[in-house]
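Student: I would like to learn how to read a residue in its surroundings. Could you take me through an example?

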Amino acid sequence: QVQLVESGGGLVQPGGSLRLSCKASGNILRDMAWFRQSPGKQRELVATIARGGSTNYADSVKGRFTISRDNAKNTVYLQMNSLKPDDTALYYCNTKILSASYWGQGTQVTVSS
């Protein structure tokens with residue numbers, strides 16, 4: 001069983017930065033991901049990081065967001081720079097163990113002037 005707790009969201013002006021954290025209980029030595037969902041839109045994959053550290057990003061965030069992990073702290077991060085109003089969403093942390101998918105409760109990011 002894995003529990004994921006996100007934090008770090010908030011209100012930021014366009015062009016600003018935020019750093020999201022996802023603290024996991026249990027074994028997180030697996031691939032991890034950040035997703036986001038805006039009202040009226042489907043949940044979309046933002047970034048992934050493999051156990052070995054390789055990363056992938058959605059085209060919409062490439063060059064602006066960086067996913068990283070600290071296995072010793074059971075924590076995954078999402079550094080978000082040059083934020084845009086379109087980045088406004090509820091951001092979720094995710095991992096999978098066999099056929100089970102685990103989600104946190106989400107942390108709200110609002111980009112507005």
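Tutor: Gladly. This is a predicted model, and we can start with Met 80, which lies in strand β8 (residues 75-80).

Student: Is Met 80 buried or exposed?

Tutor: Buried means under 20% relative accessible area. Met 80 has 0% relative accessibility, so it counts as buried.

Student: Which residues is Met 80 in contact with, leaving aside its neighbours within four places in sequence?

Tutor: They include Gly 16, Ser 17, Leu 18, Phe 65, Tyr 91 and Val 109. As for distance, Gly 15 is 65 residues away from Met 80 in sequence, with 9.9 Å between their C-alpha atoms.

Student: What is the strand order in the open sheet that contains β8?

Tutor: The order is β1-β3-β8-β7, with antiparallel pairing. β1 (3-7) and β7 (65-70) are at the edges with a single partner strand each, so one side of each has no neighbour in the sheet. On average, neighbouring strands here are turned by 15 degrees against each other, direction ignored. β1 pairs with β3 (residues 18-25) over five bridges, and Glu 6 sits opposite Cys 22 in β3.

Student: Which residues touch the most other members of the largest nonpolar core?

Tutor: First the general idea: in soluble globular proteins, nonpolar side chains tend to be buried together. In this model, the largest nonpolar core has 27 residues, and those touching the most other members are Leu 4, Trp 34, Val 46, Phe 65, Leu 78, Met 80 and Tyr 91. Strands supplying at least two core residues each include β3, β7 and β8. Leu 78 has contacts with Trp 34, Val 46, Phe 65 and Tyr 91, among others.

Technical notes. Residues are numbered from 1 along each chain as its sequence is written. This is a predicted model: local features need pLDDT of at least 70, side-chain atom pairs count only at pLDDT 80 or more; totals for chains, interfaces and linings use all residues. Side-chain values use heavy atoms; hydrogens and water are left out. Helices (H or I, at least four residues) and strands (E, at least two) are DSSP runs, numbered from the N terminus. Buried means under 20% relative accessible area, exposed over 50%, partly exposed in between (1.4 Å probe, protein chains only). Contact means heavy atoms within 4.5 Å. Two strands pair if DSSP finds at least two bridges between them. Axes are lines fitted to C-alpha atoms, for helices over the stretch in contact, and angles run from 0 to 180 degrees between N-to-C directions. A nonpolar core is a set of buried Ala, Val, Leu, Ile, Met, Phe, Trp, Tyr and Cys residues joined through side-chain atoms within 4.5 Å.
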